[in-house]
Structures are given as structure tokens and as C-alpha cells.
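Hi everyone, thanks for coming.

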Amino acid sequence: MLLQKNFWLVVFVVLVLGVAENLQFVKGSPHRILVDTDVDTDDFFALLYLLKLNKSEFEVEAITINTNAWTDAGHAVNQIYDILYMMDRDDVAVGIGGEGGILKNGTILPNVGGYLPIIEQGISTVGECRYRQAIPVGLRGRLDVNANYGIRKAFLPQGRRRYTPLKQPTTQQVMYDKISAGPITVFIIGAHTNFALFLMSHPHLKKNVEHIYVMGGGVRCKNTTSCFPENASSSCTPTPCGDLGNLFTGYTTNPYAEFNIFGDPFAAYQVIHSGIPVTLVPLDATNTIPINEKFFDTFEQTQSTFEAQYIFQSLKMARDTWFNDQFYASYFLWDSFTSGVAISIMRNSHNQNGENEFAEMEYMNITVVTSNRPYGISDGSNPFFDGLKVPKFNLKRGGVHNGHVQTGITDPFCIGNNGKGKCQDGCTKEITGPEAVRVLVATKAKPNPDSQSPLNRAFFKSFLGVLNNPQQSGRFNFTTEFPYYKSVLYKPDFRNKRLGKPVVFDMDMSAGDFLSLFYLLKVPVEVINIKAIIVSPTGWANAATIDVVYDLLHMMGRDDIPVGLGEVFAMNQANPNFSAVGDCKYIKAIPHGSGGYIDSDTLYGLARDLPRSPRRYTAENSVKYGAPRDTDHPELRQPLAQEIWNATLKNLEPGSKITVLTNGPLTNLAKLISSNKKAASLIQDVYIVGGHIKSGQKDKGNVFTVPSNKYAEFNMFLDPYAAKTIFESPLNITLIPLGVQRRASSFPKLLERLSQMKKTPEARFSLGLLTRLNNLQQKHSRYNHMDTFLAEILGSVFLAGDHSQLKPTLQVKPIKVYANGIVTKDGQTLIDPKQGKPVKVLEKIDLMGYYNTFAKQLRYKKQSAKVASFEEQKRKWRKPPKAVIMNIM
């Protein structure tokens, strides 16, 4: 007991000293700081550390978000807004995205969004994923980072700032405003795309950037993170010195790069070679500050602020879901350590060689490798040179940028002998000669001078001290903001009802899918009984957008409906040797910016108006489902699509069969049919919204981002092999193709019907969403395709509506879907009398009946919303509940 008391006395002293060092007041203007971040987990650790510092000394003025790495734009920007709201820092400018592009001649247009690495950037936000495909998409990848393992939604309060289409400040706007205002320091803790574009566009403003602090690269380190469960044993042996990188997903092609630099090597080269003083904190240094058990235990016992709690909960979930037992050897304070080193150097700027409290420093001559020898070749891998008379940006032929550029993590050029890759794209290489840049480099984390402390690194003391400093602390979390917060689940009682047709709705979470879901939930349960919802992240939204589905169900009082998370890759797109990563052959057709992912993931800025559901995606897991260990609440685990499917089929009433409505790619249904041979016999009908049966050469499809494919429709194109599988199955299919969808996609007519009706909460929300889509379509060319989403409502209305009002015309046609790996043809829906499957095709519908049916169903008060909005929830949670008065007879 005495030993334990002494331990916590040491902890207390450590934290008091950590706080004291940050209460120093420095006269004069504060250091102005701009942080460019990819909002990975450790990034917001660093951000919260910076926000806690004395504002009279260090002022975070702006945050710009790197959108081509570990997070997706819509989820990242709203998490940043919520962190700032918690910290009472809504004054900090936030920039993300932009719709500018780069012309073939190298002209950089205003407001390039940074959604793509510079080498892939054209005139839109559509492009390849040669570097980003190294990042896992689902578990332990972008899904968990976007949702912060499910903790973000449960913990962070939600303020009024949010992403709004065409109103969100762009990255380049924010950078220009802040850098042009005067001297500023820039922290880059993600890929370098944003800042490189700024420097290339505004070279005259370099003089205002005092210093650049970078977390990234590996110069001389011995990396310890090359092990991963699918390419190594459970005992992780460090790779030999010289294997500088941490691309655990791409070691067989590139063992030299670190993720932040690999995200855009050419951009990193521009930053390092900008002439602005650079301090680099590479893996050399961060690998010497791993999270250890004593630090973890100390942190667990010292969480006196909301920001400390948020960081610890995130860190704990990262540990509990780690893929093996090497968490304490392979999880480091990457970005937060970088911030600490930077702040200490800035605080001691009189020192000439970057002396600081937390890291040993050394000047090195380095460069960033952007292409591979031999230089001067033209092999189709390098858009800066291939096919151009004048290289882009006037780059030098035969120079360091004119070699083979890695095309992906399975690039055959990069595969070397003995399983070790030979490409060096993104390597921060120590060199001599004219390409060398003198950079201050952190080489090692300093030990804690107090050898009796449980914290063995000097920065650990500062990190916990700063986070637990009561000054400039977070005001509240999501639940403590409201004195009468109560978590409620709404589950209707259907025991006395004769339930209707059992239906599974498979959606890719586009705007039209949410409107369809509203409609289905309004149809009397005696007609339609929604048994489950399957979400497909292979379409218009990313996997973490599943939380919006949960919120809509909560609004409508249907927390009883299970939601299954579908496959994150289309068929044949996952890496066969490492299924966590894969290619983007088809999904790259979806824009990252306006009219694409950023809008779908935020429901065009309106998702935050929905009430907050207690249900959410969470990384909670259990050994029962293949996890390495049980987390604290395995009962909250997010079920997968195939689990929901199997449970739904198993629990069917005797003699019953399921009806399926699909509003996106057919990935999950194809997997079900392929893996469960009995499934087809338990499915009554499949209604497929998608496909395009052309009536002539001028009757084009709608894959507008792939002009070489003239006749495909998006839902078929995004997973053509899945579509082929379904159309070759014994399923009874009704197709709602693009032709009839286009005839049923009039914004004015549907808006007129909805405006004339009495408004339920769901009708008001639908009217607001449709109005926004219509207005955006009229304002900006990036939104020309909004009627695509309007038309998706047709499938739900045709499935559940009154056919005497709809007056549908159907015809049986022999249909097949082209899928042979040829992008110019894949996904095309063909009539083939010899090989086609007989399919009922919806050809015509009474349009007035259709619009009236949708609008009237939403106005009915029966099966209406239980809670109208987040604003209504806030009002309830701020007031004591009304007393329940019981009359006793």
C-alpha cells in the first residue's frame, strides 16, 4: 500500500510540474500557428495538446485538413468542429477541400481541394488512389479513424459549426488568409498536398512562413512496425536498419516510405525544397517513444479534463482493438511528440541547433524521393511526363522526378527479391549534392530526467501535464452539456399487429437512399415490415456514414431495426494477400468533393439536424467474432452485413420469404448468394434500382466521371462483377432502370407536392434535403447530377406504393451485365436473347401518381417521428422531465 501511495505521489508531482511549465507568460505577440492535419487519431492528440497551451504564447489560428490520407473529408471536418466547440475555440478557422484543379499544362487553379496527390490531380476531384490504397479502408483503417472507433459520436459535443455545401471555407482560402496576415509557423502532420499547392500557387508568401514542423519520413531509423497479422507472425521482429518506412501494407513493394510522406511524395519534395526552414520529426525519433504500460496506467488514473478523457478513451480503444499483442511496442506518440518538440524549440528559439526538452536533434542533408531510377523513362506510370511535349510544372526531363512512379502497393515494377520491395517513392533520403536540403532532424526522444518517475520519457510528463491543466480546458462532453441528458431507445410494440411483407433494404447511403428509407418507414407495417438494413460502402458514401442511418432510425422510432455493415471493397478489388486494402478501379468514379463523398457523408450538411441515436458504429469487438481480445463492451459490436443477413433468414416465419430492395451496388447481395447456397430459395423478389437499357446510341448512361464508358449506370458500374453474379443467379428480379428513373426525377413537381402537404418532421426534413439538392444543382456544375439521387426514391415507392395509383408498365427482357475488367464497358446492362436472364423491367409509371404517393405518405401522422431533430433533443435535455401524475382509483 505504501508503495502504491508513493507511486501516485510521484504522478501528482509530475503533473503539477507539467502544468507549471506551461503557465509561463511570455511578453510580446504569440507564435501564430497553422496546423495541416489528416485528423488521424494521434493528430487530434497533437491538436488538443496545442490548444491547451497558453494563448499569449502559442495561438492556433487555423486548421486545414488533408483529405487524401487516413480520413474522409466530411467526417474529418465535423470532428474538428466538435473538438473546437468542446474546447471553446470556435474562433479557430477551419479549411477543407475546394473544387479547383490543375490543368495539363501545370496551371494551378484557385482552391484546389487536395483530395488527390498532386501527380493525380486533374480538373475535378475524381482520381486514382496509387498512394492512398496503402491505407486500410475498414477496420483499423479509415472507418475507425472517421468514427474515432465510435467514441467521437458518444463523447464530443456538437456545436453549430458544420460543413455546408458551397459555404465551407476551403483549405487554400484559409491558408492564404492566415499566411498573408503575417509571420506564422506551419505544422504538417499528414500528407503535404495542401501546403505544397499553397507554396506553388503563392511563392511570394513564403517569406511569411517562419518555420515548418513536419512529422514524417524515416532517415536512419530501424523500423519496428513492419509486422502485421496477415504478413507476419505474432512475434514482431524489427526489420533491418535501412528499411526506413512503416508501410505495413506495402512492404513487398516499398519498405522505405513512411505514410505521411508516401501520401504525396512530390508534395513533400516541394515543401522540403521550398527554402523555408524545416524541422523533421521522423520515425527515427518517434520509434523511441512508444506507449508503455506505465505511461498508460498513469494516464488512466489522471484524466481531470474532458480532453484528457477523450484522448485516453481513444488510446484505450486503439490498444484493445490492436491486431496483436505488440501494442506497447508498436504504438507511438507520432504527431503529439512532434508538437511537443516544435513547441519546445519555439519556446527556446535562442538556441541555434534546435535544442529542446524532448528530443535530440541533428542537422542532416536530405531529399524526398519522388520517382525511381532509371530516370528519363516513359512507362505510363508518370503523368508529369508521359505523353506531354512539355513536362508538367516545367519539370526537367531525365531529372529526379522523371523515373518510374509507384502505381500502387502491388506495382510489379516495385516487387524485389526475397519479398522486399525496391521502390523508394516517399523515402526521406540522406544524400549529398545539389538535391540535398539541410534539415533539422529529431533523432531520439529524451529520457525523463527524473529516474524515479513512472514516465520514462521527458515528453510524457509534458503531455499529461498539459492535457490535465485546468486552464483552457474543455467545457463539457456530449452528455455533460445537458443537465437532463437521457439515453433512450425507441422500439415499437407490434405484438397486436399483423405484419406485412418482410423487406431488407440494401442502401449505399446516397441522399436518395435516405429519402427512400423515410418512405419505407412511413408505409404501414401491416404492408411493409422492414427486417433489416444493409449498408454498402462501395457506393456514394463511406462506411462511417452508417451513423446517419442509425440517427434516422432513431428519429423515426425504429431502433429495433438491425443495421449491417457491408463489404468495403467491390468484388475482385480487395488485395488477395491483404484484404484490408485494395484497388479503387470502380469506386474512383465517385467525386471526393462537391456532389460526392463530402456531401454524402454529411447528407449535404443536414445530417447534424437529425436527432442523435444512442446506437452508432463502434469498434467494440469480441473474441467470439475473431477479435484478438474482448473490449470493454463487446455487446455493442457493429454487426456485419452477412451476420445480419444470416440472422434475418434464420428467423423468418415458416413459409415466409424476404423481399429485397437494393439502391446501390450489389456487392452484399452477391456475397450472400455466393456464400449461402440456401439464401436464394428464401428470397421472394429482388427489386434493383439501377442499370441502363439504352434505346439508341444517344441514350447514354450516367457515369459522368468516366466518359469512356458511355452506357453504364452507376450502381452496376461500381461493382460490375457483383451485378453479373446477381443477374446469373436464380433470383426473381425486377429492374427499375435509368430510363424510367429519369422520367421520374422532376424536382419542381415533387417539391410542389411536398410543399402543399401538412408537415410531419420527416416531411419537413425531406423537403429541406430535396430543396437543397435542387438549389445546388442550379448553382454549381459539380451538382448537375442531383436528379440521380431524386430518382432513387422510385424503387421504394414502386415496391410499397399503391399500384392502382402508380399504373406501372413492366416488360420481361433477357438481361445480362457486362463484367470483364474493361472499364469502358463494365457495368453496361445488355439485352441478350441467348445468354440474358428473364427480368421484369419497369418501363413506365404514372408520374403524378408517383409524386403524390411519396408526398402523401410522408405527411401521414401515423408512424411519424418520435423525436423531430437534434434541436428538440437539446431542448428536452436542458429541462427537467415533466412529472408523471398517476390517478389512483
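So, the link of C414 and C423: with -70° about the S-S bond, it's left-handed. The two sulfur atoms sit 2.0 Å apart, and the pair forms a disulfide, meaning a pair of cysteine sulfur atoms within 2.5 Å.

Quick word on what we're looking at: this is a predicted model, where local features need pLDDT of at least 70 and side-chain atom pairs count only at pLDDT 80 or more, while totals for chains, interfaces and linings use all residues. Residues are numbered from 1 along each chain as its sequence is written, and side-chain values use heavy atoms, with hydrogens and water left out.

Are C414 and C423 buried or exposed? C414 has a relative accessible area of 0%, so it's buried, and C423 is buried with 0% as well. Buried here means under 20% relative accessible area, exposed means over 50%, and partly exposed is in between, using a 1.4 Å probe and protein chains only. C427 is buried too, at 2%.

How many disulfides does a search of the whole structure find? It finds 2. The other pair to look at is C129 and C584, with sulfur atoms 2.1 Å apart. The torsion about their S-S bond is about -110°, so that disulfide is left-handed. This pair links distant parts of the chain, 455 residues apart: C129 is in the loop between β3 (93-96) and α4 (142-147), and C584 is in the loop between β14 (578-582) and α18 (597-600). Those helices (H or I, at least four residues) and strands (E, at least two) are DSSP runs, numbered from the N terminus. And both C129 and C584 are buried.
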